[in-house]
Amino acid sequence: MGALGIVLIIVGVVIFSIIVWYVSTMNGIRRLSLKCNEASSGIDIALTKRYDVLTKQLEVVKEYTSHEARVLYETIRLRSGMSIQEKQQALEMMNNASNQFRLTAEAYPQLLSSETYKMLMVSIADCEEHLQAARRLYNANVNAYNTRIVMFPASIIAGAIGATPKELFVAEEYKRNDVQMNFH
(Lines give C-alpha, C1' and ligand atoms only; values in the text may rest on other atoms or scores of the structure.)
Protein backbone atom coordinates (compact mmCIF):
# COMPACT_ATOMS: atom_id res chain seq x y z
CA MET A 1 0.00 0.00 0.00
CA GLY A 2 1.66 3.10 -1.18
CA ALA A 3 1.10 6.79 -0.69
CA LEU A 4 -1.74 6.75 -3.21
CA GLY A 5 -3.56 4.07 -1.21
CA ILE A 6 -3.24 6.10 2.00
CA VAL A 7 -4.47 9.24 0.24
CA LEU A 8 -7.47 7.31 -1.19
CA ILE A 9 -8.30 5.94 2.28
CA ILE A 10 -8.07 9.43 3.82
CA VAL A 11 -10.23 10.91 1.01
CA GLY A 12 -12.71 8.03 1.45
CA VAL A 13 -12.87 8.59 5.23
CA VAL A 14 -13.36 12.35 4.73
CA ILE A 15 -16.12 11.80 2.12
CA PHE A 16 -17.78 9.18 4.32
CA SER A 17 -17.55 11.55 7.34
CA ILE A 18 -19.11 14.37 5.30
CA ILE A 19 -21.95 12.08 4.15
CA VAL A 20 -22.59 10.87 7.73
CA TRP A 21 -22.52 14.46 9.00
CA TYR A 22 -24.88 15.60 6.21
CA VAL A 23 -27.39 12.82 6.82
CA SER A 24 -27.17 13.22 10.60
CA THR A 25 -27.67 16.98 10.40
CA MET A 26 -30.53 16.63 7.89
CA ASN A 27 -32.26 14.07 10.10
CA GLY A 28 -31.74 16.30 13.16
CA ILE A 29 -33.38 19.23 11.38
CA ARG A 30 -36.29 17.07 10.25
CA ARG A 31 -36.67 15.62 13.76
CA LEU A 32 -36.85 19.13 15.22
CA SER A 33 -39.41 20.09 12.58
CA LEU A 34 -41.56 17.12 13.57
CA LYS A 35 -41.27 18.10 17.24
CA CYS A 36 -42.50 21.58 16.33
CA ASN A 37 -45.49 20.08 14.50
CA GLU A 38 -46.25 17.81 17.45
CA ALA A 39 -46.02 20.71 19.89
CA SER A 40 -48.32 22.77 17.66
CA SER A 41 -50.83 19.94 17.82
CA GLY A 42 -50.46 19.97 21.61
CA ILE A 43 -51.62 23.58 21.64
CA ASP A 44 -54.68 22.63 19.58
CA ILE A 45 -55.43 19.80 21.97
CA ALA A 46 -55.12 22.10 25.00
CA LEU A 47 -57.37 24.71 23.38
CA THR A 48 -59.95 22.07 22.52
CA LYS A 49 -59.81 20.69 26.06
CA ARG A 50 -60.24 24.16 27.51
CA TYR A 51 -63.23 24.87 25.31
CA ASP A 52 -64.91 21.50 25.86
CA VAL A 53 -64.35 21.26 29.61
CA LEU A 54 -65.15 24.84 30.46
CA THR A 55 -68.24 25.22 28.31
CA LYS A 56 -69.71 21.96 29.63
CA GLN A 57 -68.85 22.75 33.21
CA LEU A 58 -70.20 26.27 32.85
CA GLU A 59 -73.54 24.83 31.72
CA VAL A 60 -73.62 22.60 34.81
CA VAL A 61 -72.93 25.59 37.06
CA LYS A 62 -75.61 27.66 35.30
CA GLU A 63 -78.21 24.91 35.57
CA TYR A 64 -77.49 24.19 39.21
CA THR A 65 -77.45 27.88 40.13
CA SER A 66 -80.72 28.39 38.27
CA HIS A 67 -82.25 25.42 40.12
CA GLU A 68 -81.18 26.83 43.50
CA ALA A 69 -82.51 30.27 42.57
CA ARG A 70 -85.90 28.80 41.59
CA VAL A 71 -86.14 26.89 44.88
CA LEU A 72 -85.24 29.99 46.92
CA TYR A 73 -87.60 32.21 44.94
CA GLU A 74 -90.46 29.76 45.40
CA THR A 75 -89.72 29.51 49.12
CA ILE A 76 -89.81 33.28 49.59
CA ARG A 77 -92.90 33.71 47.41
CA LEU A 78 -94.75 30.96 49.22
CA ARG A 79 -94.07 32.41 52.66
CA SER A 80 -95.43 35.87 52.01
CA GLY A 81 -98.98 36.81 53.10
CA MET A 82 -100.87 33.54 52.73
CA SER A 83 -104.08 32.20 54.13
CA ILE A 84 -104.06 28.94 56.07
CA GLN A 85 -105.29 27.02 53.01
CA GLU A 86 -102.61 28.66 50.83
CA LYS A 87 -99.99 27.82 53.44
CA GLN A 88 -101.14 24.20 53.36
CA GLN A 89 -100.84 24.15 49.57
CA ALA A 90 -97.47 25.87 49.84
CA LEU A 91 -96.31 23.27 52.33
CA GLU A 92 -97.26 20.53 49.88
CA MET A 93 -95.44 22.35 47.08
CA MET A 94 -92.41 22.85 49.31
CA ASN A 95 -92.43 19.17 50.20
CA ASN A 96 -92.53 18.29 46.50
CA ALA A 97 -89.74 20.75 45.72
CA SER A 98 -87.75 19.49 48.67
CA ASN A 99 -88.18 15.89 47.53
CA GLN A 100 -87.10 16.86 44.04
CA PHE A 101 -84.07 18.66 45.47
CA ARG A 102 -83.21 15.66 47.67
CA LEU A 103 -83.43 13.30 44.69
CA THR A 104 -81.10 15.55 42.76
CA ALA A 105 -78.74 15.77 45.73
CA GLU A 106 -78.82 11.98 46.15
CA ALA A 107 -78.05 11.46 42.48
CA TYR A 108 -75.30 14.07 42.61
CA PRO A 109 -74.26 14.27 46.26
CA GLN A 110 -71.35 16.63 45.63
CA LEU A 111 -73.35 19.13 43.57
CA LEU A 112 -73.78 22.19 45.70
CA SER A 113 -73.56 25.47 43.86
CA SER A 114 -70.49 26.60 45.79
CA GLU A 115 -68.84 23.26 45.04
CA THR A 116 -69.66 23.52 41.35
CA TYR A 117 -68.12 26.99 41.28
CA LYS A 118 -65.02 25.63 43.01
CA MET A 119 -64.82 22.78 40.52
CA LEU A 120 -65.16 25.28 37.69
CA MET A 121 -62.32 27.39 39.10
CA VAL A 122 -60.08 24.34 39.45
CA SER A 123 -60.91 23.28 35.90
CA ILE A 124 -60.13 26.75 34.58
CA ALA A 125 -56.75 26.73 36.33
CA ASP A 126 -56.00 23.20 35.10
CA CYS A 127 -56.93 24.00 31.49
CA GLU A 128 -54.90 27.19 31.50
CA GLU A 129 -51.91 25.37 32.98
CA HIS A 130 -52.05 22.72 30.24
CA LEU A 131 -52.41 25.38 27.58
CA GLN A 132 -49.45 27.36 28.89
CA ALA A 133 -47.33 24.20 29.04
CA ALA A 134 -48.26 23.35 25.45
CA ARG A 135 -47.34 26.86 24.30
CA ARG A 136 -44.02 26.76 26.15
CA LEU A 137 -43.17 23.37 24.66
CA TYR A 138 -44.01 24.58 21.17
CA ASN A 139 -41.92 27.73 21.51
CA ALA A 140 -38.99 25.75 22.94
CA ASN A 141 -39.10 23.33 20.00
CA VAL A 142 -39.41 26.16 17.48
CA ASN A 143 -36.50 27.95 19.10
CA ALA A 144 -34.32 24.80 18.91
CA TYR A 145 -35.33 24.23 15.28
CA ASN A 146 -34.77 27.85 14.22
CA THR A 147 -31.40 27.94 15.99
CA ARG A 148 -30.34 24.72 14.30
CA ILE A 149 -31.21 25.85 10.76
CA VAL A 150 -29.44 29.21 11.02
CA MET A 151 -26.21 28.07 12.66
CA PHE A 152 -23.29 27.29 10.39
CA PRO A 153 -22.59 24.64 9.08
CA ALA A 154 -26.09 23.15 9.57
CA SER A 155 -27.49 26.17 7.74
CA ILE A 156 -25.95 24.80 4.53
CA ILE A 157 -27.96 21.60 4.84
CA ALA A 158 -31.07 23.48 5.98
CA GLY A 159 -30.87 25.55 2.79
CA ALA A 160 -30.33 22.44 0.69
CA ILE A 161 -33.43 20.69 2.07
CA GLY A 162 -35.58 23.83 2.02
CA ALA A 163 -35.92 24.23 5.78
CA THR A 164 -37.35 27.62 6.67
CA PRO A 165 -37.73 29.22 10.11
CA LYS A 166 -40.96 28.55 11.98
CA GLU A 167 -42.87 31.23 13.83
CA LEU A 168 -43.10 31.28 17.60
CA PHE A 169 -46.57 30.90 19.07
CA VAL A 170 -48.71 33.95 18.63
CA ALA A 171 -52.34 33.23 19.45
CA GLU A 172 -55.01 34.23 16.98
CA GLU A 173 -57.24 36.96 18.34
CA TYR A 174 -60.19 34.71 19.16
CA LYS A 175 -57.88 32.20 20.87
CA ARG A 176 -56.41 34.90 23.05
CA ASN A 177 -59.80 35.42 24.62
CA ASP A 178 -60.70 33.13 27.43
CA VAL A 179 -64.00 31.27 27.54
CA GLN A 180 -66.66 33.81 28.51
CA MET A 181 -68.11 33.01 31.93
CA ASN A 182 -71.64 34.34 31.60
CA PHE A 183 -73.74 33.07 34.49
CA HIS A 184 -76.98 34.69 33.35
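The model is predicted; local features need pLDDT of at least 70, side-chain atom pairs count only at pLDDT 80 or more, and totals for chains, interfaces and linings use all residues. Residues are numbered from 1 along each chain as its sequence is written, and side-chain values use heavy atoms, with hydrogens and water left out.

**Overall architecture**

The chain has 5 helices and 0 strands. Its elements run α-α-α-α-α from the N terminus. Helices (H or I, at least four residues) and strands (E, at least two) are DSSP runs, numbered from the N terminus. Of the 184 residues, 24% count as buried. Buried means under 20% relative accessible area, exposed over 50%, and partly exposed in between (1.4 Å probe, protein chains only). The accessible surface comes to about 12,800 Å², and 62% of this belongs to carbon and sulfur atoms. Areas come from the Shrake-Rupley method with a 1.4 Å probe; for residues, only the protein chains shown count as cover.

Contact means heavy atoms within 4.5 Å. Among contacts with a separation of 6 or more, 83% join residues 24 or more positions apart.

**Nonpolar cores**

A nonpolar core is a set of buried Ala, Val, Leu, Ile, Met, Phe, Trp, Tyr and Cys residues joined through side-chain atoms within 4.5 Å. The largest one has 15 residues; Ile-29, Ile-43, Tyr-145, Ile-149 and Ala-163 touch the most other members. Helices α1 (3–79) and α3 each supply at least two residues of this core. The largest share, 7 residues, comes from α1. A second, separate core has 6 residues, including Leu-54, Leu-58, Val-61 and Leu-120.

Which residues does Tyr-145 touch, not counting those up to four places away in sequence? They are Ile-29, Leu-32, Ser-33, Cys-36, Ala-163, Thr-164, Pro-165 and Lys-166. Lys-166 also lies over the face of Tyr-145, at 5.3 Å from the ring centre. A charge sits over a ring if NZ of Lys or CZ of Arg is within 6 Å of the ring centre and within 35 degrees of the ring normal.

Tyr-138, Asn-141 and Asn-146 are in helix α3.

| Residue | Relative accessible area | Contacts |
|---|---|---|
| Tyr-138 | 12% | Cys-36, Ala-39, Ser-40, Ile-43, Glu-167, Leu-168, Phe-169 |
| Asn-141 | 13% | Lys-35, Cys-36, Ala-39 |
| Asn-146 | 17% | Pro-165, Lys-166 |

Two of these side chains reach backbone oxygens. A polar atom of the Tyr-138 side chain lies 2.9 Å from the backbone oxygen of Glu-167. The Asn-146 side chain reaches the backbone oxygen of Lys-166 at 2.8 Å.

For Asn-141 and Asn-37, 104 residues apart along the chain, the C-alpha separation is 9.0 Å.

**A cis peptide bond**

Most peptide bonds are trans. Phe-152 and Pro-153 are joined by a cis peptide bond, with omega about 10°. Pro-153 is in the loop between α3 (113–150) and α4 (154–161).

Conventions. A polar contact is a pair of N or O atoms within 3.5 Å; within protein, one must be able to donate a hydrogen and the other to accept it, and residues adjacent in sequence count only if both atoms are side-chain atoms.
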